[in-house]
Amino acid sequence: MATAMSGQDVFGAAPDADAIEGIARDTIARLPQAFAAHLGDVLLLVEEEADAETLAALGLEHPLDLTGLYHGRPLGEKSSMDSGTMPDRIHLYRQAILVEWVETGVRLDDLVRHVTVHEIGHHFGLSDDDMHALEDAVAD
């Protein structure tokens, strides 16, 4: 029997924030140690959707246009002068992820893994190619 996590059970209840966070945390746990060692202070937040201020700052009009966002400075740009700043944060936006999941038919765990790795990639200042390689490294 297919589960909601696989993207096959379109009639079940939509995965909640805890389910999405679980997939994201599993993704983080699978990262190579060189990456995982530098994520200890990064907060992972699963929210229903991006707020109006965030959307405006990104030039987006609709919250379903944003599945994830990294707030912070990439590691290569940090300095000792950064003390006292807000911690780096990775935001995953549940509603946008669910809409993309339904529209694309991509497995939910693959989609959440993709969004999570993409935002982690911003933390490290990675290129898109490097993000894809990192995503391949954590794939099942």
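1. The chain contains six helices and three strands; helices (H or I, at least four residues) and strands (E, at least two) are DSSP runs, numbered from the N terminus. Read from the N terminus, the order of elements is α-α-β-α-β-β-α-α-α.

2. On the basis of the note: this is a predicted model, in which local features need pLDDT of at least 70 and side-chain atom pairs count only at pLDDT 80 or more, while totals for chains, interfaces and linings use all residues. Residues are numbered from 1 along each chain as its sequence is written, and side-chain values use heavy atoms, with hydrogens and water left out.

3. Of the 140 residues in the chain, 39% are buried. Buried means under 20% relative accessible area, exposed over 50%, and partly exposed in between (1.4 Å probe, protein chains only). Among contacts (heavy atoms within 4.5 Å) between residues at least 6 apart in sequence, 66% join residues at least 24 apart.

4. Helix α6 has buried residues at Met131, Leu134, Glu135 and Val138. Seen down the axis of α6, these fall within an arc of 105°, so they line one face of the helix; the arc is that of the directions from the helix axis to the C-beta atoms. An α-helix has 3.6 residues a turn, so residues three or four places apart point the same way. Asp129 and Asp136 are exposed on the other side of α6. The cover over the buried residues of α6 includes α1 (17-29), α2 (33-36) and α5.

5. How exposed is His132? This residue of helix α6 counts as partly exposed because its relative accessibility is 42%. His132 and Gly121 are eleven residues apart in sequence, and their C-alpha atoms are 9.3 Å apart in space.

6. One cavity of 30 Å³ or more is counted. A cavity is a set of points, on a 1 Å grid over the protein atoms alone, where a 1.4 Å probe fits but cannot get out; lining residues have an atom within 4 Å of a point. Grid points are joined across faces, edges and corners, and a volume is the space filled by probe spheres set on the points. The largest cavity holds about 30 Å³.

7. Which residues line the largest cavity? They are His114, Val117, His118, Met131, His132 and Glu135. At least two lining residues come from each of α5 (108-124) and α6 (128-138).

Conventions
1 Å grid on protein atoms, 1.4 Å probe; cavity = no way out; pocket = protein on both sides within 12 Å on 5 of 7 lines; lining within 4 Å.
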